[in-house]
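User: I'm new to this one. Please walk me through it in questions and answers.

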Amino acid sequence: MTKLQALFGGTFDPIHYGHLKPVEILANQIGLSRIIIMPNNVPPHRPQPEATSDQRKHMVELAIADKPLFVLDERELRRDMPSYTAQTLQEWRHEEGPETPLAFIIGQDSLLTFPTWHQYETILDNAHLIVTRRPGYPLTMQQPEHQQWLDDRLTLRSEDLHEQPAGKIFLAETPWFDISATIIRERLQNGESCEEMMPAPVLAYIMQQGLYR
Ligand SMILES: Nc1ncnc2c1ncn2[C@@H]1O[C@H](COP(=O)(O)OP(=O)(O)OP(=O)(O)O)[C@@H](O)[C@H]1O
Ligand SMILES: O=C(O)c1ccc[n+]([C@@H]2O[C@H](COP(=O)([O-])O)[C@@H](O)[C@H]2O)c1
């Protein structure tokens with residue numbers, strides 16, 4: 001098997017176990033050599049996050065400090081423009097060459113909005129798309145033409161992700177983690193505990209910085 005690397009982009013406001021656990025399990029299931037966590041500076045499709053980019057980056061660093069599978073990629077943090085995935089993947093492909101298998105990981109909720117992303121059709125030219133499960137969202141697209149787009153690219157064979165450089169969509173059978181950054185921010189605002197939802201060093205940093213009060 002080749003060494004398949006995957007980029008995992010997000011706002012991570014804050015990073016939590018709903019981000020970390022599915023992708024760790026995925027890495028074991030399909031054989032990922034590296035998961036590259038890539039926080040954005042300006043998210044394309046949502047309001048600016050509550051925590052600063054430096055704070056969100058630091059929380060990612062704390063979350064992955066004891067996990068050799070993960071590395072941090074700061075390229076989107078350096079961008080003052082919205083972080084369009086199509087552009088980022090074009091850059092990444094250029095760096096890695098045409099033959100290297102590359103993948104971009106998203107959760108099930110992101111798959112549903114994927115056809116609204118900037119130049120979404122070009123994203124699969126440069127990487128595979130790996131979708132992790134998330135409770136509360138369907139695995140089918142709302143519009144028939146988007147379902148057709150999905151069906152045309154779906155694969156059930158994880159080997160395809162290693163054998164081809166890009167172009168496939170793989171719906172991974174990862175367990176559900178009913179955690180979101182929104183719930184965490186709300187719970188913290190209400191003074192409720194979030195210990196089960198994120199690594200302890202991240203929670204300690206949130207408390208120390210007085211974030212999400
Ligand atoms: N619980 C989860 N299970 C699977 N995927 C998830 C989960 N939470 C987030 N993701 C995925 O991680 C990526 C980054 O998500 P993001 O940083 O927006 O977290 P979030 O918890 O959805 O945040 P918010 O609640 O602020 O919208 C997205 O592709 C999203 O689909
Ligand atoms: O390129 C786009 O148009 C686009 C639209 C929405 C989301 N994304 C990317 O998808 C990833 C998850 O986004 P989010 O908002 O759920 O944190 C993150 O890397 C975003 O930059 C990208």
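Analyst: One definition to begin with: a residue is buried if 20 or more other C-beta atoms lie within 10 Å of its own, exposed if 12 or fewer, and partly exposed in between, with C-beta atoms placed from the backbone. Keep in mind that this is a predicted model, where local features need pLDDT of at least 70 and side-chain atom pairs count only at pLDDT 80 or more, while totals for chains, interfaces and linings use all residues. Residues are numbered from 1 along each chain as its sequence is written, and chains are lettered from A and ligands numbered from 1 in the order in which they are written.

User: Is I179 buried or exposed?

Analyst: I179 sits in the loop between β7 (169-171) and α8. Its C-beta has 20 neighbours inside 10 Å, so I179 counts as buried.

User: And which residues is I179 in contact with, leaving aside neighbours within four places in sequence?

Analyst: Contact here is when C-beta atoms, placed from the backbone, lie within 7 Å. Y17 is 162 residues away along the chain from I179, with 7.2 Å separating their C-alpha atoms. With sequence neighbours within four places set aside, the contacts of I179 are H16, Y17, G18 and M197.

User: What percentage of the residues is buried?

Analyst: The C-alpha atoms fill a box of roughly 45 × 35 × 35 Å along the principal axes. Of the 213 residues in the protein, the buried part is 37%.

User: In what order do the strands line up in the sheet?

Analyst: In general, strands of a sheet pair through backbone hydrogen bonds, either parallel or antiparallel. Pairing takes at least two DSSP bridges between two strands. In this open sheet the pairing is parallel, and the seven strands run in the order β3-β2-β1-β4-β5-β7-β6.

User: Which are the edge strands?

Analyst: An edge strand here pairs on one side only.

User: Which residue of β7 does L129 stand opposite?

Analyst: β5 (residues 128-132) is mostly covered, with five of its five residues buried. H128, I130 and T132 point one way, and L129 and V131 the other. β5 joins β7 through three bridges in parallel, and opposite L129 stands I169.

User: Which residue is the bridge partner of A6 in β4?

Analyst: A6 is among the residues with the most contacts inside the largest nonpolar core, which has 47 residues; such a core is a set of buried Ala, Val, Leu, Ile, Met, Phe, Trp, Tyr and Cys residues joined through C-beta atoms within 7 Å. β1 and β4 are joined by four bridges and run parallel. The partner of A6 in β4 is A103.

User: Which element gives the most residues to the shell around ligand 1?

Analyst: A residue is near a molecule if its C-beta atom, placed from the backbone, lies within 6 Å of it. The shell of ligand 1 has 18 residues, with G10, G18, G107, A181 and T182 closest. Three of the shell residues come from the top contributor, α1.

User: Which residues come nearest to ligand 2?

Analyst: Its shell holds five nonpolar, nine polar and one charged residues. For those classes, Ala, Val, Leu, Ile, Met, Phe, Trp, Tyr, Cys and Pro count as nonpolar, Asp, Glu, Lys and Arg as charged, and the others, Gly among them, as polar. Of the 15 residues around ligand 2, the nearest are G9, T11, T85, W117 and H118.

Conventions. Helix = DSSP H or I, 4+ residues; strand = E, 2+ residues; numbered from the N terminus. Contact = placed C-beta atoms within 7 Å.
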